[in-house]
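Hi there,

Here is the structure I promised to pass on to you. Please have a look at it first, and then read on for what turned up in it.

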Amino acid sequence: MFLCAVGAGVTSLFRTPWIAAVAAMSTGTFVQLEPLNYRDGARVEPADSCGTEKAFEPATGRVIATLQCSGEKEVSLAVKNAKAAFKVWSKKSGMERCEVLLEAARMIKEQKDAIATMETINNGKSIFEARLDVDTSWQCLEYYAGLAASMAGEHVQLPGGSFGYTRREPLGVCVGIGAWNYPFQIACWKSAPALACGNAMIFKPSPFTPVSALLLAEIYTKAGVPPGLFNVVQGGAATGQFLCQHPDVAKVSFTGSVPTGVKIMEMSAKGIKPVTLELGGKSPLIIFSDCDLENAVKGALLANFLSQGQVCCNGTRVFVQQEIVDKFTEEVVKQTKKIKIGDPLLEDTRMGPLINGPHLERVCGFIKLAKEQGATVLYGGEQYVPTDPKLKFGYYMTPCILTNCSDGMTCVREEIFGPVMSILSFETEAEVLERANDTTFGLAAGIFTRDIQRAHRVAAELQAGTCYINNYNVSPVELPFGGYKKSGFGRENGRVTLEYYSQLKTVYVEMGNVESPFESQ
């Protein structure tokens, strides 16, 4: 059960005392938010359970929730409610859907501090980053609100006065399965285009971060979506399986690891359901000798240490041209040492805890193996205990910089998903391109250079869904985001995502007589 920081009766996001209480919270306190399922416009206890999961406050290590994982019956009820809401929502005009999404965006913006605080407590990222995540969330809703009325087909003139036209129609009940590194943002990134197109959505957050999606569900309801249009079910792999295999689910959008993505695709394939997969990465960041060194160092920090390195598109393979590798390395170590680690709710903290204990052990295991394989730890890579006694059981570590790395090392080949930067040197453009593309992943890539021709030439050759030139980890909602190769397919954000949440219908209109080879002779 969630610990309660205020009166037990204060549980609604829309009561001012609740908002004030959340915004003023400190680490180690929490507002009671049970039940954790949301269906038909209200919080509900799950109709059945297929086990329990514990969610932790990463900063302190304490349990903040024990989830009842939604069973097959609860999933079916959520789908049934979503189908009923879809019948209402899909008949609304684009402008009507636009108004509701704009109102939801306004509410998110108004309650940014409270939502960010809740996100930080449940996820561990700094409050500074959490606020930025909330900003990109309401911006996403505003963006797709603006596109909702643009859902249209085309008219095609045919011989003899006949014509055809196409209709772009919603899919139905869509499933969103989120990751724990950007809980609220991912819920918005998946639901905003889905709802703009006229669909309903059932969202399953990661069991590590179950809270944020509930806040979004309440906001959508308050903004005016039909009850059941955005439902939340909780749970792990079994709950995800019930969702993917339900016959009335029209589409699945998943963000997470490659192995889980493979399972999602296999399960969805049995029902011929379209899927969007945003999976892992081991992205290259290429720093040429003619770069602006100060910006390149800033870019490398952004590419490795945001959200404690728990970012799928991070540029963790940092290729630095030989002429400047020593100077770059010296400066990046200097700046990394300045990163303040500690209580994520403090305004000057820039690195909070990792998500949980097992993940911290996993990341530290990668660093241990890197040293065994010959890499040198220039800085960090150790578990960290903050001076504040209430944080002593949190999952902290110092950001790590590895040198003497080679392309075949495990730390260079596999996704670590922690604050670990591997620095590699290179000589020529052709060489670094070949090495950068030598991976099964293809989510992102970055280039730092003053040579604009080189920048575009290299970007054209990189096998990645998103390429950054002279910056990194910037994700405007106007630009599509997604991967090549095992990093997945389909896109989030941008106008193209409307195509992933809708389907085309062709209508042929005959204006003359039917010509048939079967007429009587």
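**Domains**

The centres of domain 1 and domain 2, taken over C-alpha atoms, are separated by 30 Å. Domain 1 covers 24-279 + 483-505 and domain 2 covers 284-469, with bounds that come from an automatic or database domain assignment. Their contact takes 35 residues from domain 1 and 35 residues from domain 2, where contact means heavy atoms within 4.5 Å.

Two notes before the details. This is a predicted model, in which local features need pLDDT of at least 70 and side-chain atom pairs count only at pLDDT 80 or more, while totals for chains, interfaces and linings use all residues. Residues are numbered from 1 along each chain as its sequence is written, and side-chain values use heavy atoms, with hydrogens and water left out.

**Nonpolar cores**

The largest nonpolar core has 123 residues, and Ile108, Leu195, Tyr220, Ile287, Phe328 and Val332 touch the most other members. By nonpolar core I mean a set of buried Ala, Val, Leu, Ile, Met, Phe, Trp, Tyr and Cys residues joined through side-chain atoms within 4.5 Å. Buried stands for under 20% relative accessible area, exposed for over 50%, and partly exposed for what is in between (1.4 Å probe, protein chains only). Helix H5 gives the most to this core, with 11 residues. Both domains take part: the core draws at least three residues from each of domain 1 (24-279 + 483-505) and domain 2 (284-469). Apart from this core lies another, of 31 residues, with Met397, Cys411, Ala445 and Ile447 among them.

Leaving aside residues up to four places away in sequence, Ile287 touches Ala296, Val318, Phe319, Val320, Gln321, Ile324, Phe328, Phe426 and Phe448.

**Helix packing**

Helices (H or I, at least four residues) and strands (E, at least two) are DSSP runs, numbered from the N terminus. Axes are lines fitted to C-alpha atoms, for helices over the stretch in contact, and angles run from 0 to 180 degrees between N-to-C directions.

H5 (residues 127-148) packs on H6 (residues 183-196) at an angle of about 5 degrees, and their axes are 9 Å apart. That makes H5 roughly parallel to H6; the classes are roughly parallel for angles under 35 degrees, roughly antiparallel for those over 145, roughly perpendicular for 65 to 115 and oblique for the rest. H5 contributes Asp133, Thr136, Ser137, Cys140, Leu141, Tyr144 and Ala148 to the contact, and H6 contributes Phe184, Gln185, Cys188, Trp189, Ala192, Pro193 and Ala196. By class, the residues in the contact of H5 with H6 are 10 nonpolar, 3 polar and 1 charged. Here Ala, Val, Leu, Ile, Met, Phe, Trp, Tyr, Cys and Pro count as nonpolar, Asp, Glu, Lys and Arg as charged, and the others, Gly among them, as polar.

H6 also meets H4 (residues 112-123): the axes come within 9 Å and cross at roughly 115 degrees. Ile115, Glu119 and Asn123 of H4 touch Pro183, Phe184 and Gln185 of H6 there. The contact of H4 with H6 has 3 nonpolar, 2 polar and 1 charged residues.

**Single residues**

- Glu142 belongs to H5 and is partly exposed, with a relative accessible area of 31%.
- Cys400 is part of strand E17 (residues 400-403) and is buried, with a relative accessible area of 0%.

**Positive phi**

Most residues other than glycine have a negative phi. Asn470, not a glycine, has a positive phi of about 60 degrees, and Asn473 has a positive value near 55 degrees. Asn470 is in the loop between strand E20 (466-469) and strand E21 (488-489), and Asn473 is also in the loop between E20 and E21. Asn470 is partly exposed, with a relative accessible area of 37%, whereas Asn473 is buried, at 15%.

Best wishes
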